[in-house]
Amino acid sequence: MYSINYFNKDEFKESLIEKGTIPLNEKWRKIHLKIELLVILITFVMELIILVIGYKKYINISSSTYLIRYLLTPVSINLLLYLIAYLVNRYSTNDKKFENIKNIVVNISFVIQIFVVAVVHQYFSAVYFIFTVPILLSVIYGSIGMAAIITILSIFCIMISAFLIKYDSDLIVNFAFSV
């Protein structure tokens with residue numbers, strides 16, 4: 001029979017848990033960031049395909065307007081959000097205190113990226129199902145509080161996108177260039 005005799009078993013258990021969760025969270029965040037990048041790439045490629053193949057049939061705006069409205073503006077915003085999440089994950093300390101902050105930043109950046117996609121394509125009701133991805137990814141970290149926050153934020157973003165925002169990228173681009 002194998003047994004370990006340590007003076008403080010609770011401290012030993014905490015040490016094992018802490019040593020186990022930090023690398024595990026790091027691996028999950030890396031997977032999470034890869035999924036974020038994949039979503040950005042897929043939306044960009046799909047918009048490019050629509051521009052090249054289906055542009056003349058279904059879209060009644062100029063190609064330059066389409067390029068700015070559906071390709072450049074959303075991809076720029078989403079890449080900026082991805083970069084922020086990547087930098088926070090990569091260059092913040094590996095202290096236990098910062099683990100939750102890293103997890104929340106990665107999750108919130110993904111919800112906002114999905115929000116951008118939902119706003120741009122708000123006329124397709126099926127686009128709102130993509131909000132399930134960040135909710136499911138937040139469950140992986142094992143924090144009920146974080147999963148609840150991401151779920152509430154996702155529902156709030158769906159409501160904002162569906163009821164309050166009419167997407168006009170010309171306004172967004174003009175604002176960005178004026179700043």
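This is a predicted model: local features need pLDDT of at least 70, side-chain atom pairs count only at pLDDT 80 or more; totals for chains, interfaces and linings use all residues.

Me: Great. How many salt bridges are there?
Reply: The count comes to three salt bridges.

Me: What does Glu 26 pair with?
Reply: Its side chain meets that of Arg 29 in a salt bridge, at 2.7 Å from N to O.

Me: Are Glu 26 and Arg 29 buried or exposed?
Reply: Glu 26 is buried, and Arg 29 is buried too.

Me: Which residue does Glu 99 meet at 3.1 Å?
Reply: That's Arg 29, again through a salt bridge between side chains. This pair links distant parts of the chain, since Glu 99 lies in helix 4 (residues 96-120) and Arg 29 in helix 1, 70 residues apart. Glu 99 is buried, as is Arg 29.

Me: What about Lys 102?
Reply: The side chain of Lys 102 forms a salt bridge with that of Glu 99, with N to O at 3.9 Å. They are three residues apart in helix 4, so about one helical turn lies between them. Both Lys 102 and Glu 99 are buried.

Me: Nice. New topic: how do helix 5 and helix 6 cross?
Reply: The axes of helix 5 (residues 132-139) and helix 6 (residues 144-164) come within 8 Å and cross at roughly 170°. An angle over 145 degrees counts as roughly antiparallel, and the two helices are therefore roughly antiparallel to each other.

Me: Which residues meet there?
Reply: From helix 5, Pro 134, Ile 135, Ser 138 and Val 139 meet Met 146, Ala 147, Ile 150, Thr 151 and Ser 154 from helix 6. The residues of this contact divide into six nonpolar, three polar and no charged.

Me: Last one: which residues of helix 5 are buried?
Reply: They are Pro 134, Leu 137 and Ser 138. These residues cover an arc of only 100° around the axis, which puts them on the same side of helix 5.

Key:
Residues are numbered from 1 along each chain as its sequence is written. Side-chain values use heavy atoms; hydrogens and water are left out. Axes are lines fitted to C-alpha atoms, for helices over the stretch in contact, and angles run from 0 to 180 degrees between N-to-C directions. Helices (H or I, at least four residues) and strands (E, at least two) are DSSP runs, numbered from the N terminus. Angles under 35 degrees count as roughly parallel, over 145 as roughly antiparallel, 65 to 115 as roughly perpendicular and the rest as oblique. Contact means heavy atoms within 4.5 Å. Ala, Val, Leu, Ile, Met, Phe, Trp, Tyr, Cys and Pro count as nonpolar, Asp, Glu, Lys and Arg as charged, and the others, Gly among them, as polar. A salt bridge is a side-chain nitrogen of Lys or Arg within 4 Å of a carboxyl oxygen of Asp or Glu. Buried means under 20% relative accessible area, exposed over 50%, partly exposed in between (1.4 Å probe, protein chains only). The arc is that of the directions from the helix axis to the C-beta atoms.
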